[in-house]
Amino acid sequence: MKSAVETLNPTRVRLTVEVPFEELKDSLDAAYKKINQQVTVKGFRKGKIPARVIDQRFGRGAVLEEAVNDALPKLYTEAVNEAEISPLGQPEVDITELKDGETLNFTAEVDIRPTIEIPDYSGIEITVDAIEVTDEDVEKAVEELRGRFASTTPVERAAGDGDVITVDLEAKVDGEVLQDGVAEGVSYTIGSGELLDGIDEAVKGLEAGGEATFTSQLKGGSAAGKDAEVTVKVTAVAQRELPELDDDFAQLASEFDTLEELKADSRKRLTTMKQYDQATQAQERVLEELLKLVEIPMPEKLLEDEVNTRKHNLEHHQLGQMGLDLAKYLEIQGKSQEEFDTETQEAAVKGIKTQFILDELVSKEQLNVNQEELTEHLMRRAASSGMSPDQFAKAVVEGNQVQVLVGEVARGKALALVVESAKVVDTNGETVDMSDDEDETVEAAAETVESVVDGDEAKGEEKPGA
């Protein structure tokens, strides 16, 4: 076999391949065997029909077509390896010449990874939010914990702020009751903001048996984004009673003996959370700066496929789970179709560039992924998918996705390497050390990279797959 490669542009090549006919022998034999199993000819046992009879009855052309279809994947792979290129996606193959007994010639056009030069990234400087945990933050956290241990006592009076009420709801749009607009026995704490806008004002002052009607924009369901006329009927009112904030509460709600110890632990937990948020912010901002340093030609077909994939995932998976279609989603977001298309294209470009650059860094820095790192990543991905680690691992193996997970961790390590070399200061002008706890840093960086590479337009957070 002879092959030549022609560069069409920095991200696309055309392979021209000439195959001597004798190299098709195995595929021709396989074609005759396959046809033998599919057809019957009077006078011959199934599977024992001579090749000349198959040619006469069904045409040599049908045999050649089957043989070429069988041989092309292997021939294409050999040409790719010989040319030492890294193809992206499926090739566009064109049979240019097929002479029975002589030769098979074909061309294959395919996108390839562009050549990337990684510049010196040690000069990247970013600013992140300072870690500040105030007394008010601690008090709020303790109050939220206190609320989880609240008790309720039924009362025979009008409902007011902080009361827990039981309500029946009915929503109408254009005078018609929605199929999914009726709910009974819903428990709601007045002032929590966990139900519809406007419900607090409607129920305040109502006793059990009272009802009111108000207008509210629906947040989900079949009429999400539309204004609905909502009728709310209060069936019960209960007074919410909070436990005293003292040492007894600390012992009830935690492993600590005193309220001061509980508050100290809350401050520590809040500090840890803000440190994680700060690290994530640093990773995102360093990545932004890294992307600015590298110019990358964009493979058009790859970009087109990525845009289509993101739109498909949004419409058929994320929005479907939320009971929305794209039109309703755009209405809620206040976006036009053109704005959505532009944002999706920009996010796809950013995701592809991120993957290209970090993959190049993995190669340049010879970053490897060990079993412990892969296992930790698998555990997190399993948790985020709602599956057990065993279920997720089985799905990964059966879907031949192990290398995908390895790639996610490797890119996380590459980003963590860049972050560690960057100058990071907080808004107070203090230098932030980004080299603590390497394992957690790598896993957090992998999560940051996934959100960019995979995209998640509806939620703005991690989505499985890479």
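Me: What makes a stretch count as a helix or a strand here?
Reply: Helices are DSSP runs of H or I with at least four residues, and strands are E runs of at least two. In this predicted model, the protein chain comes to 14 helices and 11 strands.

Me: Why is Ile95 called partly exposed?
Reply: Buried means under 20% relative accessible area and exposed means over 50%. Ile95 has 35% relative accessibility, so Ile95 counts as partly exposed. Ile95 is found in strand 3 (residues 87–99).

Me: What makes Val93, Ile95 and Leu98 a nonpolar surface patch?
Reply: Residues in a patch need over 30% relative accessible area and no salt bridge, with nonpolar side chains joined within 5 Å. The 35% of Ile95 is over that 30% cut-off. Together, Val93, Ile95 and Leu98 make a patch of about 210 Å².

Me: Which residues touch the most other members of the largest nonpolar core?
Reply: They are Ile124, Leu290, Leu361 and Val424, in a core of 42 residues. Among the elements giving two or more residues to this core are strand 5 (125–128), helix 7 (259–293) and helix 10 (337–365). A second, separate core has 31 residues, including Val17 and Tyr32.

Me: What does Val424 touch beyond four places away in sequence?
Reply: Contact means heavy atoms within 4.5 Å. Val424 touches several such residues, including Ile126, Val128, Ala282 and Met434.

Key. Residues numbered from 1 in each chain as written. Predicted model: local features only at pLDDT ≥ 70, side-chain atom pairs only at ≥ 80, totals over all residues. Heavy atoms only, no water. Core = buried A, V, L, I, M, F, W, Y, C linked by side-chain atoms within 4.5 Å. Buried < 20%, exposed > 50% of the residue type's maximum accessible area, 1.4 Å probe, protein only. Patch = residues over 30% accessible without salt bridge, like charges linked within 9 Å, V, L, I, M, F, W, Y side chains within 5 Å. Areas by Shrake-Rupley, 256 points an atom, 1.4 Å probe, with all protein chains shown as cover. Salt bridge = Lys/Arg side-chain N within 4 Å of Asp/Glu carboxyl O.
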